[in-house]
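Please walk me through this protein model, sheet by sheet and helix by helix. Keep it brisk, and tie each element to its partners.

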Amino acid sequence: MSLVTDTAQLRERAERRIPGGVNSNVRLDGPRIFFARGKGAWLWDVDGRDYVDYLLGQGPAFLGHAAEPVLRAVVEACAKGNVYGAQHPLEVAAAERLCAVLEWPEMVRFGMTGTEMVQAAIRLARAATGRRRLVRFEGHYHGWLDNVLLAPEPGRAAPASAGQPAEALADSIVLAWNDLGALTELLDREGEDVCAVLMEPMMLNAGSIPPAPGYLEGVRRLCSSHGILLVFDEVITGFRLALGGATARFGVIPDLAVYGKAMAAGWPVAALAGRASLMELFATGRVTHAGTFNANVMGVAATLATLDVLEHDSPYERIEHRGAQLMTGLRELAAEASVPLRVRGLPAAFHASFGDDGDVRDFRDVQLLDAGRYRRLAEALVGRGVWVAARGIWYVSAAHGEREVEVTLERARAALAGA
Ligand code: PMP
């Protein structure tokens, strides 16, 4: 059976054998394009059309597609054996390196996905505190499993999927993010039952919303005074907002943090990092975390090689510069076309939207935006060769250069004309 054929044929074949023609429900939301290859900031579909990529495989391709040094390291390491289901030197080196680079954690455990390592964090927090309840925030995403997936209903922990039992969310308390008053009140009332406060330290699954000044510091103080663990889900922010992620960028240290995506430039690996006094609970065997593929060779080799690039050829200033250029360019084009496009957030991961002039501080503000109009613009951008998500997020990689920004703005000019 041929692997590469045209889009129409592939769509038909995919829909026959893969429910919805996609392997993640997140992709039900996007155009059914089939990619033949990717290199640097570019993707090519099976019909030969090119795209400047601003989705980066949902975030991981932070060094661009098929980044040479990481690819080489993975191939070299895997040629000698790719999975042991047992200990090997590279996993030790990767754990040491991760702790050294991030500076605050003392130990890490490796797994495969962000979803999975969030589960490890929750279990550890419950075991460490002897408490069950979990504070969560509107619009933050922590994976697709029963006990974390939320319907987009502010103030309520409601299931988002058929087959997801409501009881699985019974221990979740959902608050508005960036609202220290709401957290203070809740913890004064029910803090003794809460094991952890779990958040994206900058909200990137809905908008691109940094923490309000003093918010993370306030959350840190509240958690410490109530004996609650602060868990940062750095699956998107880690290694993207800075080498040390949001923790370094905003200067607030959690008790536990989950990393994935940019950590390994596109290879499937994730990590839970934390203080030794907590992480050692896994060592006693009292708290279980397991997985056949945990710390497999490709994942840890990719992590080490990615950290090498991030440390020794730091892309952060370049990405800030490129992203800022692009944000400014998009704003100018929108103004020229008299289109009320708002471009907000940080250059490495910004958000574009319609429908609001004011400040966007939380999920409720994001819900007021005109998602339908942006979706149509995203479709027009994709049609002209700019690969973006309908939900408005734009990720910039280390491989985006002057030329990519120029081409993007040219193509965006045409798309915006019809928006
Ligand atoms: N946490 C956050 C903040 C995420 O954005 C995601 C995925 N988008 C996850 C967890 C889940 O990670 P994965 O898809 O690797 O399971």
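**The four-stranded sheet**

Strand S2 (residues 42-45) is covered on both faces. Trp42 and Trp44 lie on one side, Leu43 and Asp45 on the other, and all are buried. Keep in mind that this is a predicted model.

Start with the partners of S2. Strand S1 (residues 35-39) runs antiparallel to S2, and 4 bridges join the two. Within this pair, Gly38 stands opposite Leu43. The hairpin of S1 and S2 has 2 residues between the strands. In that hairpin, Gly40 takes a positive phi near 60°.

Now turn to the other partner. Strand S3 (residues 50-53) also runs antiparallel to S2, joined to S2 by 3 bridges. Here Trp44 stands opposite Asp50 in S3. The hairpin of S2 and S3 has 4 residues between the strands. Its glycine, Gly48, takes a positive phi near 90°.

What is the strand order of the open sheet with 4 strands? The order is S1-S2-S3-S13, and the pairing is mixed. The edges are S1 and strand S13 (386-387), each of which pairs on one side only. Helix H13 (residues 402-417) packs on this sheet and touches S2, S3 and S13. The direction of H13 makes about 110° with that of S3.

**The seven-stranded sheet**

Strands of a sheet pair through backbone hydrogen bonds, either parallel or antiparallel. A second open sheet has 7 strands, in the order S4-S10-S9-S8-S7-S5-S6. Its pairing is mixed. Which strands form the edges? They are strand S4 (107-111) and strand S6 (172-175), each pairing on one side only. With direction ignored, neighbouring strands of this sheet are turned by 20° against each other on average.

Look inside the sheet at strand S7 (residues 194-199) and strand S8 (residues 229-233). They run parallel and are joined by 4 bridges. Ala196 stands opposite Leu229 in S8. Helix H5 (residues 180-190) packs on the sheet. H5 touches strand S5 (133-137), S6 and S7. The direction of H5 makes about 150° with that of S6.

**A helix pair and its neighbour**

Two packed helices are described by the angle between their axes and the distance between the axes. Take helix H2 (residues 68-79) and helix H9 (residues 297-312). They pack at an angle of about 145°, with their axes 8 Å apart. The crossing of H2 and H9 is right-handed.

Which residues meet in this contact? From H2 come Pro69, Val70, Ala73, Val74, Ala77 and Cys78. From H9 come Val297, Met298, Ala301, Ala302, Ala305, Thr306 and Val309. The residues of this contact divide into 12 nonpolar, 1 polar and no charged.

Leu90 brings in another helix, H3 (residues 89-102). Leaving aside neighbours within four places in sequence, Leu90 is in contact with Ala77, Val297, Val300, Ala301 and Leu304. The C-alpha atoms of Leu90 and Ala77 are separated by 8.8 Å, and the two residues are 13 apart along the chain. Is Leu90 buried or partly exposed? It counts as partly exposed, because its relative accessibility is 27%.

**A buried threonine**

Thr247 is found in helix H7 (residues 245-250). Thr247 counts as buried because its relative accessibility is 4%, and buried means under 20%. What surrounds Thr247, apart from neighbours within four places in sequence? The contacts are Trp104, Phe232, Glu234, Val252, Ile253, Pro254 and Tyr259.

**The cysteines**

A disulfide is a covalent bond between the sulfur atoms of two cysteines. How many disulfides does a search of the whole structure find? The count is 0. Cys195 is in no disulfide. For Cys195, the nearest cysteine sulfur is that of Cys223, 10 Å away.

Cys195 counts as buried, at 0% relative accessibility. Cys99 is buried too, with a relative accessible area of 13%.

Key: Residues are numbered from 1 along each chain as its sequence is written. This is a predicted model: local features need pLDDT of at least 70, side-chain atom pairs count only at pLDDT 80 or more; totals for chains, interfaces and linings use all residues. Side-chain values use heavy atoms; hydrogens and water are left out. Axes are lines fitted to C-alpha atoms, for helices over the stretch in contact, and angles run from 0 to 180 degrees between N-to-C directions. A crossing is left-handed if the near helix is turned anticlockwise from the far one by less than a right angle, and right-handed if clockwise. Contact means heavy atoms within 4.5 Å. Ala, Val, Leu, Ile, Met, Phe, Trp, Tyr, Cys and Pro count as nonpolar, Asp, Glu, Lys and Arg as charged, and the others, Gly among them, as polar. A disulfide is a pair of cysteine sulfur atoms within 2.5 Å. Buried means under 20% relative accessible area, exposed over 50%, partly exposed in between (1.4 Å probe, protein chains only). Two strands pair if DSSP finds at least two bridges between them.
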